[in-house]
Amino acid sequence: MKQKKKSDVAVLLDYAGSHKRLTFLGLALSAVSMLLSMAPYICIWLVARDLIAVAPDWTRAKDIAQYGWLAFGFAVAGIVLYFAGLMCTHLAAFRTAANIRKQGVAHVMKAPLGFFDSNASGLIRGRLDAAAADTETLLAHNLADIVGTITLFVSMLVLMFVFDWRMGAACLLAAVISIIAMFSMMGGKNAKLMAEYQAAQDRMTKAGTEYVRGIPVVKIFQQTVYSFKAFQEAIEDYSSKAEHYQGDVCRVPQSINLTFTEGAFVFLVPAALFLAPGALAGGDFAGFITNFAFYAVFSAIISTALAKIMFAASGMMLASTALGRIDQVMCAPELKVPEHPQSPGSSRVEFEDVSFTYDGAQTSALSHVSFTAEPGQTVALVGPSGGGKTTAASLIPRFWDATSGVVKVGGVDVRQIDPHVLMDQIAFVFQNSRLFKASILENVRAARPNATREQVLSALKAAQCEDILEKLPQGMDTLIGSEGTYLSGGEQQRIALARAILKDAPIVVLDEATAFADPENEALIQKAFTELTRGRTVIMIAHRLSTVVGADKILVLEEGRIVEQGSHQELTASSGLYARMWADYNKAVQWKITSEQ
Ligand code: ADP
């Protein structure tokens, strides 16, 4: 992928778009502010120089007040520019994060619907949102700090020559040692250890979330935290990796780093002691003391700058993992849109030698499936669980595209139909047809936004929802999910059916799961099905054989293949899988009737 070759910062700046310039301006301001913030130390040096020159007659040092004001002015200007710089980098960072979110959402909108089955929409949103926020620290703070610190080191090199290069070198040596120690913790084979340690931390967080989700199960079955093997292992793995990395790898370099960061004096004082006799003999002892005073005060800046580098390194890592997560969203497959779309000629549905394998799966979910549903016919898909029924149905509205073979609607390959036109042709009701947290009216009207209230009401009636409307305080204007208005699974399914009825599409793809339905609901759902399927081409995933008896064609799918097809009479007459399933079903019904007597 193109983006992988670029550095993380370059990728982020690409997302910043025209706000990239604001980032650069912010960085420049940060560099200038760093220079300004060093100026007061030079003023202090000037004060020390003048005082030492006139000692002990201090009254002769007339300019020191002026230096004081200058120092104050530089400090204030430095702070003002620093904040102005931060303002720029923050504006750019917020805009970059917003662009990441926008581009991510725009990309996800082009993904096939099946993508949302395996990637819950909340998860995608969370991933984008949190990752975008994680990039903010790098762009808003860390980059400015890095530029500021580089400026500091360059100016230190210059100052070394301006004052006393030997004492300057002593300060710089401390800084260099501390930087080497810092990077030794992160570079080479330690980089791998650190990555493992962070991955272990990630796994622990994920396992923790799973654990919290599973608490109800733990409570019901009276288990303890130890029954969550994955969580326990993740904690143990994390603690051993953390101990190894932080204890064995980081202890020595981090001690060196902190010692030299906080104590630039370690070299400065011996250097001064070493140089003092020479300075005394040379006659410029006053100048020597002044320079020493400068470095003694100045070394305080070094530790602040190095601490910022440390934070910058962690900001870089955070942004890098965030970009990885953003990439996962940006790599979501795109539904290919035809350049010259064709219109379907009828409501005929056809599978021609269709095979399909899910991404990453070893075996195909469908192999060489061919069948035709003529306009107005009902084709039922039956067979054992995992046989490929849902997959076959999902290929018609292009939740996924066939790996090989062709799915046709109205004689045209579905990939050659404009996705909007295709969606207009098909109404689908799957087991997980969700209702929005909106009124029933809006939920149903989602299928046809310009439908009138009357049309929505008649769709609700056709879907046998009158009893639901009657018991709700504001009828179809009642908000679902608010103020205790929760609908049972069967009721939700009927509302979803009303939505499909209102859509009035010539093709219906239907999962007749009545798993949630109580007997009363079940009868109503059956009636709603009849209303929905009348006069349309229907592809129905059937779980109970009683619903397929009247189908024009029954396809028996097992391990992704059609093992039998025909009408109910034809299939029961043969002694295949369907006949066995039918016999089992009858036995179960008989048993139910007998046990109820
Ligand atoms: P059915 O509807 O007949 O129960 P499915 O079409 O759901 O069967 O599944 C067919 C096969 O495809 C099964 O082996 C199932 O494990 C696999 N499968 C279904 N959905 C996915 C998915 N999103 N990713 C990977 N494999 C899947």
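Arg561 touches Ser367, His368, Gly387 and Val556, leaving aside residues up to four places away in sequence; contact here means heavy atoms within 4.5 Å. The place of Arg561 is in strand S10 (residues 561-566). Helices (H or I, at least four residues) and strands (E, at least two) are DSSP runs numbered from the N terminus. Arg561 counts as partly exposed, at 44% relative accessibility. Buried means under 20% relative accessible area, exposed means over 50%, and partly exposed lies in between (1.4 Å probe, protein chains only).

The model is predicted, so local features need pLDDT of at least 70 and side-chain atom pairs count only at pLDDT 80 or more, while totals for chains, interfaces and linings use all residues. Residues are numbered from 1 along each chain as its sequence is written, and side-chain values use heavy atoms, with hydrogens and water left out.

The domain assignment gives domain 1 (8-330) and domain 2 (349-590), with bounds that come from an automatic or database assignment. The C-alpha centres of domain 1 and domain 2 are 57 Å apart.

**The ligand site**

Gly387, touched by Arg561, also belongs to the shell of the ligand. By class, the shell holds three nonpolar residues, six polar and one charged. In this scheme Ala, Val, Leu, Ile, Met, Phe, Trp, Tyr, Cys and Pro count as nonpolar, Asp, Glu, Lys and Arg as charged, and the others, Gly among them, as polar.

| Residue | Protein atom | Distance to a ligand oxygen atom |
|---|---|---|
| Gly386 | polar backbone atom | 2.7 Å |
| Gly388 | polar backbone atom | 3.0 Å |
| Thr390 | polar side-chain atom | 2.4 Å |

Taken alone, the ligand exposes 560 Å², and the protein buries 60% of that. Accessible areas come from the Shrake-Rupley method with a 1.4 Å probe; for residues, only the protein chains shown count as cover.

Arg494 is in helix H19 (residues 489-503). At 1% relative accessibility, Arg494 counts as buried. Beyond four places in sequence, Arg494 touches Ala463, Gln464, Cys465, Asp467, Ile468, Asn521, Leu524 and Ile525.

Ser33 lies in helix H3 (residues 20-54). Ser33 counts as buried because its relative accessible area is 5%. With residues up to four places away in sequence set aside, Ser33 touches Gly78, Leu81 and Tyr82.

**Positive phi angles**

Most residues other than glycine have a negative phi. Asp353 is not a glycine, yet it has a positive phi of about 50°. Asp353 is found in strand S1 (residues 349-356), and at 38% relative accessibility Asp353 counts as partly exposed.

Arg398, also not a glycine, has a positive phi of about 60°. The loop that holds Arg398 runs between helix H14 (389-395) and strand S4 (404-409). Arg398 is buried, with a relative accessible area of 2%.

Conventions: Near = heavy atom within 4 Å. Polar contact = N/O pair within 3.5 Å; in protein donor to acceptor, adjacent residues only side chain to side chain.
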